[in-house]
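I opened this entry to look up pockets and helix packing. My notes follow.

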Amino acid sequence: MIHFPDGTSVPALGQGTWHMGEDPTQRADELAALHAGLDLGLSLLDTAEMYGDGAAERLVGEAIRGRRAQVFLVSKAYPHHASRQQLPRACDASLQRLGTDYLDLYLLHWRGRVPLAETVEAMERLVAAGTIRRWGVSNLDTADMQELVAAGGGACATDQVLYNLTRRGPEHDLLPWLAAHRMPVMAYSPVEQGRLLTHRALQHVAARLGVTPAQAALAWVLHRGQVLAIPKTGRVAHVQENRAAADLRLSAADLAELDAAFPRPGQRQPLAML
């Protein structure tokens, strides 16, 4: 389980929805995948107003109809909607597409021109109004997080970032900083959108464990603790495969082999984004 600063717990494996809801021919499969994930306990659903210009939110809204109480619902706002005036409107639009009257977590999708102090104020107003339960950010690096807290953002619940075997830069200072502030990490694209699954070392570890490369990659992301992975899939079989990865434990030998094949960068790197 992953614990947010206010004590709320969610499973360490959730469901992402980037690129979902955009192809009508895939809608039935995508809904079935989301339903299967909820049935398997993958109760955190992550989406954003940007995804398909609201299409993913509408898909999620259909998937959670009649099941809202069992879902930890996350959405994200565009940076240009992060002002005092625009954020409530953007949030209301997301809520309408999702068919709900509150979000469990609302994130600033990435940093834009709106001052962080203004975004913090707007987020806190939404919390006070009951429109959102808590708020956080996405794609903010260490210096941004320090500025956020200095601007009154100490209630930030999480930072959602690109993190996987091939994107280990956050381990230098961002992940330790978040851990020190009791903010869990939300790892998007935990299998690098499938690109790392053909890597020979990952395949070797997966074969030794009798699992798929995707499962081994997800298990690696989850092994740190306080990292919440949100892989996206539109197929029931892949959801079932992902769920099994949450129970997979990598040995010291497995971790050493993956560390050798996917070494952490030797020096700090700017936070990567997709």
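I began with residue classes: Ala, Val, Leu, Ile, Met, Phe, Trp, Tyr, Cys and Pro count as nonpolar, Asp, Glu, Lys and Arg as charged, and the others, Gly among them, as polar. This is a predicted model, where local features need pLDDT of at least 70, side-chain atom pairs count only at pLDDT 80 or more, and totals for chains, interfaces and linings use all residues. Residues are numbered from 1 along each chain as its sequence is written, and side-chain values use heavy atoms, with hydrogens and water left out.

**Entry 1: largest pocket**

I noted what a pocket is: on a 1 Å grid over the protein atoms alone, an open set of points where a 1.4 Å probe fits, with protein on both sides within 12 Å along at least five of seven lines. Lining residues have an atom within 4 Å of a point. A volume is the space filled by probe spheres set on the points, which are joined across faces, edges and corners.

I read about 540 Å³ for the largest pocket. Its lining has 31 residues, and S189, P190, Q193, P231 and K232 lie nearest the centre. α9 gives the most, with three residues. By class I found 14 nonpolar, 13 polar and four charged residues in the lining.

**Entry 2: second largest pocket**

Here the volume is about 330 Å³. Of its 20 lining residues, M1, A12, L222, A246 and R249 are the closest to the centre. The lining divides into 13 nonpolar, four polar and three charged residues.

Helices are DSSP runs (H or I, at least four residues), numbered from the N terminus. Axes are lines fitted to C-alpha atoms over the stretch in contact, with angles from 0 to 180 degrees between N-to-C directions.

How do α7 and α8 cross, and at what angle? The axes of α7 (residues 200-209) and α8 (residues 213-222) come within 8 Å and cross at roughly 95°. That makes the two helices roughly perpendicular (65 to 115 degrees). In contact (heavy atoms within 4.5 Å), L202, Q203 and A206 of α7 meet P213, A216 and A217 of α8. I counted five nonpolar residues, one polar and no charged.

**Entry 3: α2 and α3**

The axes of α2 (residues 55-63) and α3 (residues 86-98) come within 7 Å and cross at roughly 45°. That makes α2 oblique to α3. Oblique covers angles left over once under 35 (roughly parallel), over 145 (roughly antiparallel) and 65 to 115 are taken out. From α2, E57, R58, V60 and G61 meet S94, R97 and L98 of α3. This contact has two nonpolar, two polar and three charged residues.
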